[in-house]
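Please keep both in view.

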Amino acid sequence: MDFNRYSFAPKLPAVLLLALLSACNDSDSTNNSTPTSEVQLKAYSVNPALVKPLSGFENLEILPLISSDDVLPESPGFIFGAQPDGSGILKNPKGEGYILLNNHEIMFSVSRVYLDKTFKPVKGEYILDGDGGNFRLCSATLATPEEHGFGPMFLTAGETDGESMVHALDPLGAVNKKDRSRMKPALGHASMENAVPLPKDAFPGKTVIIIGEDGGNGQLIAYVSNTVGDLDNGKLYMLKRTNADPVETNMVAGQQYDVEFVEVDNAKTSTGAQIAAQSVAKNAIQFARVEDVDYRKGGNGAGREVYFTATGVSQSDKVTPVTGFTMWGRVYKLTMQADNVLKGKLEVTVDGATDPGNSIVNPDNLCVTNDFVYIQEDGDSFYANNKHDGRVWQYGMSSKQLKPMLEMNHRRTDATFNAKYNKSNDQRLSTWEYGAMQDISDLVGVPNTFLLNLHPHTWQDDKYLNADGSSETRNKNREGGQVVIVRGVQR
């Protein structure tokens, strides 16, 4: 997300083998195994990969899958647009190959790209354009019958002006780009980053969706229904400490805190401003921008272990923290009580303030596996004391070790590269950011294989304008975007 647009202010059946954004998968694998399908993982894009591995992760293989310059044979007019963020992928039940869904944040749009059986992108279209999307669409989750007990359904969260909503899209449905009727009022109004249904074995018989409110005063929100797949008749709750202390920085790493979810009154009919006011009145924890949410994989109730980011806020000088809020960003772990969906324990798992500028900077997206949390940065807050370009970090749940794994590959000394990907000659660190990261290992039959979305903001060209064909131009954005395959990632 673009930090600069914020200011601080109080206030399918199993045979489909569906894979999903937030579910970075359930089973262990070993690297260098022989593929069990016809998938051929290679560089399919004409553009080079815009990310590189860091020391200790040299074994990773990075392959560009699709970028904005690619011409797909079955839809030569399709442009893969700017800022691919939330994502999901599934096998195509109507033929061979796969279907890849992507939010395009700044375009308010969702694209659908068809991959053939080898994993080559062959066709693309937009199933939601800027007119229908209505909000900046950030992270997303593909709910599936196998994992969540309902779907397939692409839940894409809006993140504009505190009054946005969640779209529930059929990933296999007919194109209806301008249809706004698929939004879900029961999930509330807010600046929502993601709406993540927990796996069906977390709380059997219920639908539990965890939502992040991405504001200067942000909340962790839970939608709970006693009917599987019901997104219309449940109740909405927000997280608070049982001692009613709402201040984020009163919690520190190394301690657990008792928390509970308290109900939002009249959630379905309340505005975002009214819900935000309730968060203050009810002493909900006020986080510095709750962006992405994901849960631990492995089954047997592991999904009750929920991770989420607080991206962080600063004063306008980009040096001074805002009292009561994380500045550099944090990753939290919420362990939900097995016999009571509304109670749990909260702890700070990773805190960027422990080594400011060298550790995590403005964590945004998350991908959680059985044993690791992968943390994608959105460092374009441009903090004065930031020391590195945008990174993906690996946090080991067992080892408690945090390691930088990937970094954006700006190649600032390469004049030819910069003539295309950085025409403005922007020399600031972290001008590029990450979108979704998702584990596709089981889907494609190739262990330790992930997709990663990239927002190279300085890659600008007029030919990328209005990629979704919206009837109204919502912005003058003309960025390119990219999805890469990353092989060799530990799960």
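Predicted model: local features only at pLDDT ≥ 70, side-chain atom pairs only at ≥ 80, totals over all residues.

Residues are numbered from 1 along each chain as its sequence is written, and side-chain values use heavy atoms, with hydrogens and water left out.

Q: With which side chain does the side chain of Asp-258 make a polar contact?
A: Asp-258 belongs to strand β14 (residues 256-263); strands (E, at least two residues) and helices (H or I, at least four) are DSSP runs, numbered from the N terminus. Setting aside residues up to four places away in sequence, Asp-258 touches Lys-240, Arg-241, Thr-242, Gly-344 and Lys-345, where contact means heavy atoms within 4.5 Å. A polar contact is a pair of N or O atoms within 3.5 Å; within protein, one must be able to donate a hydrogen and the other to accept it, and residues adjacent in sequence count only if both atoms are side-chain atoms. At 2.4 Å, the partner of the Asp-258 side chain is the side chain of Lys-345.

Q: Is Asp-258 buried, partly exposed or exposed?
A: Buried means under 20% relative accessible area, exposed over 50%, and partly exposed in between (1.4 Å probe, protein chains only). Because its relative accessibility is 38%, Asp-258 counts as partly exposed.

Q: How many disulfides does the structure hold?
A: A disulfide is a pair of cysteine sulfur atoms within 2.5 Å. The cysteine sulfur closest to that of Cys-138 is in Cys-367, and at 18 Å it is too far for a bond. Cys-138 is also buried, at 0% relative accessibility. The number of disulfides is zero.

Q: Which residue of β20 is the bridge partner of Cys-367?
A: Two strands pair if DSSP finds at least two bridges between them. Strand β19 (363-368) is an edge strand, and four bridges join β19 to strand β20 (residues 372-377) in an antiparallel run. Within β20, the bridge partner of Cys-367 is Tyr-374.

Q: In what order do the five strands of the open sheet lie?
A: The pairing in this sheet is antiparallel. Its edge strands, each pairing on one side only, are β1 (51-53) and β19 (363-368). Neighbouring strands are turned by 25° against each other on average, direction ignored; axes here are lines fitted to C-alpha atoms, for helices over the stretch in contact, and angles run from 0 to 180 degrees between N-to-C directions. The order is β1-β22-β21-β20-β19.

Q: Which residue of β25 is the bridge partner of Ile-66?
A: Strand β2 (residues 61-67) is mostly covered, with six of its seven residues buried. Over six bridges, β2 pairs in the antiparallel sense with strand β25 (residues 482-487). In β25, the partner of Ile-66 is Val-483.

Q: Are the rings of Phe-308 and Tyr-332 stacked or edge-to-face?
A: Rings of Phe, Tyr and Trp (its six-membered ring) pair if their centres lie within 6.5 Å; planes under 30 degrees apart count as stacked, over 60 as edge-to-face and the rest as tilted. Phe-308 lies in strand β16 (residues 305-310) and Tyr-332 in strand β17 (residues 330-337), so the pair ties together parts that are 24 residues apart in sequence. Both Phe-308 and Tyr-332 are buried. Their ring centres are 5.1 Å apart and their planes are at 15°, so the pair is stacked.

Q: Which side chain is in polar contact with the side chain of Ser-430?
A: Ser-430 lies in the loop between α4 (415-421) and β23 (432-439) and is buried at 0% relative accessibility. Apart from neighbours within four places in sequence, residues in contact with Ser-430 include Asp-380, Asn-386, His-388 and Arg-412. At 3.5 Å, the polar partner is the side chain of Asn-386.

Q: What is the phi of Phe-119?
A: Most residues other than glycine have a negative phi. Phe-119 is found in the loop between β5 and β6 (121-128) and is buried, with a relative accessible area of 0%. Its phi is positive, near 95°.

Q: What is the omega of the peptide bond from Gly-151 to Pro-152?
A: Most peptide bonds are trans. Pro-152 is in the loop between α2 (145-148) and β8 (153-158). The bond from Gly-151 to Pro-152 is cis, with omega near 5°.
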